[in-house]
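User: Please go through this model with me and set each label against its cut-off.

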Amino acid sequence: MLQFHYMAPWVPGFNSAIEAELSATNNSPPFTSFQLATIDHKSGYPKNRTLIFRGFLFNDKTNNILTCTTDKRMSKYDEFLHDDKFEAVFYFPRTKKQFRFRGKARIIDHTYKPIIDISAIQPKTILEHNQKVSLKRDKEFNNSDVEDEVDDDESIVNGNRQNNHNNTTNGNGNHSINPQTTPIQSSLLSPSLLSQFNDSSHDLAYSTLNELSHLQYIPPSEEEWNAEIDRQWENLSKSLKKTFRKPAPLQPLNDDNIKLMDSINRGVDGKKDDHGKKNFSVVALFIDQVDMVELEKDRRYIYVKDSHQLWSEEEVCP
């Protein structure tokens with residue numbers, strides 16, 4: 001099967017919950033908030049805070065990647081430099097639905113850009129894997145044992161994921177290097193390449209995998225990451241942009257900082273809105289597992305993404 005972006009099975013319900021909640025409140029407030037939990041590498045305790053949901057990465061629901069923003073001087077930025085794991089919870093009180101997301105975060109700013117590993121979904125990789133699986137079945141039919149050969153192939157397909165884990169953790173389970181500099185497995189493609197695929201979707205639909213094996217998927221480019229930073233920054237309100245010019249969070253509230261905050265609030269600090277952009281960062285939340293609860297219907301679903309970027313859905317007891 002040719003695979004690039006496709007909407008995960010939890011996305012339509014998530015979008016519907018957001019739209020229903022905003023409609024029920026008459027868009028007051030005109031945003032969706034959620035709780036984001038990280039791991040504090042200094043204390044070992046989890047840290048939780050309320051953030052504003054900033055939509056899907058590249059404004060594309062089909063990539064299934066959620067975004068938020070942060071000030072580089074805040075604790076969660078430093079925490080993601082040591083441990084990229086997170087949990088995020090969205091609760092919609094009027095529709096009585098809850099979504100708990102688990103995965104790994106990637107910082108997007110002028111220092112860090114996500115390194116996307118799309119090897120598992122390359123058409124050539126999928127074709128080679130399918131051919132070896134077919135070979136295994138044929139030999140098994142002829143009472144031949146090639147289990148080791150196919151297992152080796154599967155370890156190659158998943159190899160990047162396993163190696164990344166080993167390279168970023170030590171014997172105690174603590175990260176030994178910055179996870180923001182390690183690749184993350186994803187089906188995220190370059191937006192411009194995806195646009196080309198969408199324009200030629202009719203031709204692709206009637207092509208076989210063999211005919212498409214020459215295609216080479218590419219992840220987002222440096223220019224596309226920078227454009228996403230600009231897009232997210234421009235979507236911020238003028239008052240929110242001001243916060244990125246204020247003294248760093250948790251600094252002592254001394255006379256100098258009080259005067260600076262007052263001048264910024266009154267717009268007389270002599271700085272333009274974009275002056276605070278140096279402290280601005282986008283955070284992309286790459287989802288691996290979703291726990292969705294519908295309280296009124298007394299139903300619960302678990303969605304899990306595998307190493308081939310395919311989603312499974314299972315209904316479980318609430």
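**Labels and their grounds**

User: Where is Gly276 found?

Analyst: The model is predicted. In it, Gly276 lies in the loop between helix H11 (255-265) and strand S8 (280-294).

User: Why is Gly276 called buried?

Analyst: Buried means under 20% relative accessible area. Gly276 has 0% relative accessibility, so Gly276 counts as buried.

User: What makes a residue a contact of Gly276, and which residues does Gly276 touch?

Analyst: Contact means heavy atoms within 4.5 Å. Leaving out residues up to four places away in sequence, Gly276 touches Trp233, Phe244 and Arg245. Lys242 is 34 residues from Gly276 along the chain, and 7.0 Å separates their C-alpha atoms.

User: Which residues of helix H6 are buried, and how do you know that they line one face?

Analyst: In H6 (residues 191-199), the buried residues are Leu193, Leu194 and Phe197. Seen down the axis of H6, these buried residues fall within an arc of 100°, so they line one face of the helix. An α-helix has 3.6 residues a turn, so residues three or four places apart point the same way.

User: What is exposed on the other side of H6?

Analyst: Gln196 and Asp199 are exposed there, where exposed means over 50% relative accessible area.

User: What percentage of the chain do buried residues make up?

Analyst: Of the 318 residues in the chain, 43% are buried. The chain exposes about 17200 Å², and carbon and sulfur atoms supply 48% of that area. Its secondary structure comes to 11 helices and 10 strands.

Conventions: Residues are numbered from 1 along each chain as its sequence is written. This is a predicted model: local features need pLDDT of at least 70, side-chain atom pairs count only at pLDDT 80 or more; totals for chains, interfaces and linings use all residues. Side-chain values use heavy atoms; hydrogens and water are left out. Helices (H or I, at least four residues) and strands (E, at least two) are DSSP runs, numbered from the N terminus. Buried means under 20% relative accessible area, exposed over 50%, partly exposed in between (1.4 Å probe, protein chains only). Accessible areas come from the Shrake-Rupley method with a 1.4 Å probe; for residues, only the protein chains shown count as cover. The arc is that of the directions from the helix axis to the C-beta atoms.
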